[in-house]
Amino acid sequence: MIERATVPQRRDDVNKDDESGESRRPRSGPEDAPPGGKRKRPEDPGGGILMGRPFGVPVYVAPSWFLVAALITWVFGGQLDRVLPELGGVRYLVALFFAVAFYASVLVHELAHTVVALRYKLPVRRIQLQFFGGVSEIEKESETPGREFMLAFVGPLLSLVLAGFFYLTMLAVEPGTVPGVLLAGLMISNLIVAAFNLLPGLPLDGGRMLRAVVWKITGKPMTGTVAAAWVGRALAVAVLIGLPLLTHTGALGNSTKDIGGVETVTDALLAAILAAIIWTGAGNSLRMARLREHLPDLRARALTRRAVPVESATPLSEALRRANEAGARALVVVDGQGEPTALVREAAIVGVPTHRRPWVAVSGLAQDLTDGMKVPAELAGEALLDRLRASPATEYLVVEETGEIYGVLSTADVERAFVAAMARPDSK
């Protein structure tokens, strides 16, 4: 129901080769790649329970889904007791079936986004079914406003198609029966999903459609994001205030005589949760758009530290003296022919006391170079970040096209560049 375009995270998500925290992405290092083959994307245990991989995209069910499934079962079971009292306790099994069928419809909605994204060569990290619907995590932005519009519109369109299918099927069964009630509930729920997602504010599908329209008119994707995000925030306020008012005035067709204290608290809590989700999603959309806007400014050449070559047997104190004289901030271990073989880790240098540095060779503090740790100096933006994610490390050797050593790229510098990019005001 909500697409989320993921962005490269800061250092703890991009590299870290010495920890096994669950939050970083990807979680594989150079040693995970099969010889001569491509590195597989690792599993993401933080996504919940893996249910399958339609179209090669993992589908997870978050733990929060079980809470909302129980809530739907309880509420829908109470409604069945009024419509079909003869069911007795079986009504909760029917209500549970409805909850599963409803989220199957949500999955179809998300798969529609996924199919279009893959058609446009946009990688999809995963689909997650959670408390309020589903999320398709698309890792790149659409290249054109037309594609952005279609990518967003196809989800509500499939929900409308499902509503129509359930309506036509409902006509073929006897009213007042279990199949009739289930089909009616699924028709109404899919109509609600489509209508809610068509609201013109981020992070909803309608917000992405609005973003595409403004992008097309102005030629500036950032302008579209800002407009759709602020409309999304306005929607959040409207939901927070308007939903309880609608239910208490009977505007939704409910009887005001049946409204009590429990219903009041429930409506207010539901409105608050929905408003928080929309408000937070709109803010995240702004944050990601601002970061993507400044990604081209992240250039390997500009972030690289000057380095001096030293042989493996060189004492650390002598290596640091040479670096200070040259105004360099990094050390590269080279062989007898001057070819780089390893990088001296900054963290390892800091850990050696000053009085021991004359007796410690740089080879004992170095990390052997792999092909993935060699970064072309001209890489920038998402291409640079993709390269770093593919081979997690703390330092990278930056080389010219000729293979000549340009310097060393530290992930600490990449993190600082991210923070600076996030702190810059929007330029569009």
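## A hairpin, a helix pair and an open sheet

Strands β2 (residues 49-52) and β3 (residues 59-61) pair in the antiparallel sense, over three bridges. The model shown here is a predicted one. Within this pair, Gly 52 has Val 59 of β3 as its bridge partner. Six residues lie between the strands of the hairpin, and Phe 55 takes a positive phi there.

**Two residues with positive phi**

Phe 55 is found in the loop between β2 and β3. Lys 121 sits in another part of the chain, the loop between α3 and β4 (124-130). Neither residue is a glycine: phi is near 60° for Phe 55, and phi is near 60° for Lys 121. Are their side chains buried or exposed? Phe 55 counts as exposed because its relative accessibility is 57%, and exposed means over 50%. Lys 121 is exposed too, with a relative accessible area of 68%.

| Residue | Phi | Relative accessible area |
|---|---|---|
| Phe 55 | near 60° | 57% |
| Lys 121 | near 60° | 68% |

**A helix pair**

Two packed helices are described by the angle between their axes and the distance between the axes. Helix α3 (residues 91-119) packs on helix α5 (residues 178-197) at an angle of about 35°. Their axes are 10 Å apart. The crossing of α3 past α5 is right-handed. Which residues make the contact? From α3 they include Phe 97, Phe 98, Ala 101 and Phe 102. From α5 they include Leu 182, Gly 185, Leu 186 and Val 193. By class, the contact has nine nonpolar and six polar residues, and no charged ones.

**A cis peptide bond**

The next feature is in the loop between α5 and α6 (205-218), where Pro 203 has its place. The peptide bond from Leu 202 to Pro 203 is cis, with omega near 10°.

Strands of a sheet pair through backbone hydrogen bonds, either parallel or antiparallel. Here, four strands form an open sheet in the order β6-β7-β8-β9, and the pairing is mixed. Which strands lie at the edges? They are β6 (307-311) and β9 (366-368), each pairing on one side only. On average, neighbouring strands of this sheet are turned by 35° against each other, direction ignored.

β8 (residues 340-344) pairs with β9 in the antiparallel sense over three bridges. Val 344 stands opposite Ala 366 in β9. Helix α10 (residues 316-326) lies across β6 and β7 (330-334). This helix runs at about 150° to β6.

How values were computed
Residues numbered from 1 in each chain as written. Predicted model: local features only at pLDDT ≥ 70, side-chain atom pairs only at ≥ 80, totals over all residues. Heavy atoms only, no water. Pairing = 2+ DSSP bridges. Axes fitted to C-alpha atoms, helices over the stretch in contact; angles between N-to-C directions. Contact = heavy atoms within 4.5 Å. Left-handed = near helix turned anticlockwise from the far one by under 90°. Nonpolar A, V, L, I, M, F, W, Y, C, P; charged D, E, K, R; others polar. Buried < 20%, exposed > 50% of the residue type's maximum accessible area, 1.4 Å probe, protein only.
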